[in-house]
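Dear colleague,

I am passing on the structure we spoke about, with a short account of what turned up in it. Please read the notes below with the sequence and the coordinates open beside you.

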Amino acid sequence: MARITAGVGSSHVPLLGVAHDLGKDKDDYFGPIFAGYEWTREWEKAEKPDVVLLVYNDHASAFDMKIIPTFAIGCGERYKPADEGWGPRKVPDVIGHPDLAWHIAQSLILDEFDMTIINEMDVDHGLTVPLSMMFGAVDAWPCKVIPLAVNVVTYPPPSGNRCWALGEAIARAVASFPEDLNVQIWGTGGMSHQLQGPRAGLINREWDNMFLDGLIGESDRLRHVPHIEYLRETGSEGIEMVMWLIMRGALGTATRALHRHYHVPCSNTAIGHIVLEPAG
Amino acid sequence: MMTGPKDIHSYLAEFEDIPGTRVFTAARARQGYHLNQFAMSLMAPENRARWTADEKAYLEEWPLTDDQKAAVLARDYNRLLDLGGNIYFLSKVFSTDGLSFVQAVSTMTGVSVEDYQAMMNAGGRSPKGLRSKKEGR
C-alpha cells in the first residue's frame, strides 16, 4: 500500500529560484539560506520518495481572476514551468502521477472535500522553487509530483482547520492506494511577509518560530489560528502558512522533527524550512 | 470546529483594523477585475512587446476606469491596491519594467529602496504597533 513517510515545509520565494538558476546560491546573501537545505538534499537522496504531493499556491500564473478554485489537485501527466513575466525557469518539466492523483481526488470527494480537478496547467515558482531547494540542479526531478493548489490570494482562503482536515483526508486516501509507494507531502509558502502597502517588509521571527514549534509533537493548536492572526502577526502574505497545515494534518496525531531552518531575509520574506516524520 | 468568525461581516470588518494593509477581499476582487486581468495579459511575450511599445494604446483595450489607467501609467502601487489591484497580478507590470519584488514593494513604503533593503537585512519591519489600529499594539 502507498504510505506517507514524511512531511516537508518550506518557503517558496521566487528569488530563491533566480539565485539557484544563476548559481548565486553560495554567495554572502544566499549562502546561509541554501546551507539550511543541504541536510534535506542528502536526506532526500537516501529517502528516494516515489511521489511528492506538493501543496502550493499559484501566483496569478495558471489561474487568473476568471476561475478561483479553493483546493485543486493536478491529475495530469506533466506540467511545464510557467512564464511568470520574465520567461519560464529552465528547470525540468514536472512529471505527474495521474493514477495516484485521480485516486486521491476521487477519495477526497467521497470524503466530502469537493476538489477541483486540473488536467493541464503550467506550474510557477510556488511549485518549482521547493523542488530546486530539495533536489538541487538536476536533469530530471527524481520523483513524480502531484500538485495541490490552494487559493490563498482572494479572501477568504480556507481556514487552517479545513486545511488540517484535508491533510487527514489525504492520508486516508493515500493509505488506500494499492501500489507500494513512498509518498511525501510538502507544504510550501510563507513564512512572515507582506508584499504590499506601507506595512510591507513585516517580519515576525517570534511568531514564525512559534508556528514551527507547533508543527512538532502532538499539539493541534495551529489548526485553530484564525486568518486575522496570520494577517496581524505575519503580514498579508503570511497567510500562505495555512498550506503547511495540510502537510501537518497528513502526518497523523504526532510528529517528530528531523531538521529545521529559519533565516531572515530573502527578498521581502522570512525563510522557514522543516522536515517532519509521523510519530503517532 | 471553526476558527475565527463564521459571520462574513465581522470576518471582513476585522481586516479594516490592520494598519497599512489592503486585504484582497471579494469587494476588491470585483473592483479590480479588469485591472488584474490586464496585468495578467503581460505574461504573454507578444503582449509585453505591444505594452512596452505604447502603454496608453494597450490600456485602451481594457475596460479600466480612468483612475486605474492613470495609476498604472504612474506605477502608483498603493493607489492600484486601493483600486482593486492585487500584488501578484501587479507583479506582471513591474516585472515587465524589470523591477524585482523588493524594488517594487519598497515604492509603497515611503522609503528609498536602499533604506528598505537595509531594513530587510536588519531583520525586517517589526510588527510592534502595526497589528491593530484600534488597540495600537
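This is a predicted model: local features need pLDDT of at least 70, side-chain atom pairs count only at pLDDT 80 or more; totals for chains, interfaces and linings use all residues.

The crossing in which H3(B) passes H8(B) is left-handed. On the H3(B) side the contact is made by Asn36(B), Ala39(B) and Met40(B), while H8(B) contributes Phe89(B), Leu90(B), Lys92(B) and Val93(B). Sorted by class, the residues of this contact comprise five nonpolar, one polar and one charged.

The domain assignment divides chain B into domain 1 (23-97) and domain 2 (100-130), whose C-alpha centres lie 23 Å apart. Four residues from domain 1 of chain B and four residues from domain 2 of chain B make up the contact between them. On the domain 1 side, the elements that give two or more residues are helix H7 (77-82) and H8 of chain B, and by class that side has two nonpolar, two polar and no charged residues.

Turning to the interface between the chains, 40 residues of chain A are in contact with 50 residues of chain B. On the side of chain A, the elements that supply two or more residues are helix H5 (160-175), helix H7 (227-234) and strand E10 of chain A, and the largest share, five residues, comes from H7(A). The residues on this side of chain A divide into 17 nonpolar, 16 polar and seven charged.

E10(A) also deserves a look for its pairing within chain A. Strand E10(A), residues 255-266, runs antiparallel to strand E11(A), residues 269-278, and nine bridges join the two. Thr255(A) stands opposite Pro278(A), which belongs to E11(A). In the hairpin that these strands form, two residues lie between E10(A) and E11(A), and Ser267(A) takes a positive phi near 60°.

With best wishes

Note on methods: Residues are numbered from 1 along each chain as its sequence is written. Chains are lettered from A and ligands numbered from 1 in the order in which they are written. Two strands pair if DSSP finds at least two bridges between them. Helices (H or I, at least four residues) and strands (E, at least two) are DSSP runs, numbered from the N terminus. A crossing is left-handed if the near helix is turned anticlockwise from the far one by less than a right angle, and right-handed if clockwise. Two residues are in contact if their C-beta atoms, placed from the backbone, lie within 7 Å. Ala, Val, Leu, Ile, Met, Phe, Trp, Tyr, Cys and Pro count as nonpolar, Asp, Glu, Lys and Arg as charged, and the others, Gly among them, as polar. Domain bounds come from an automatic or database domain assignment.
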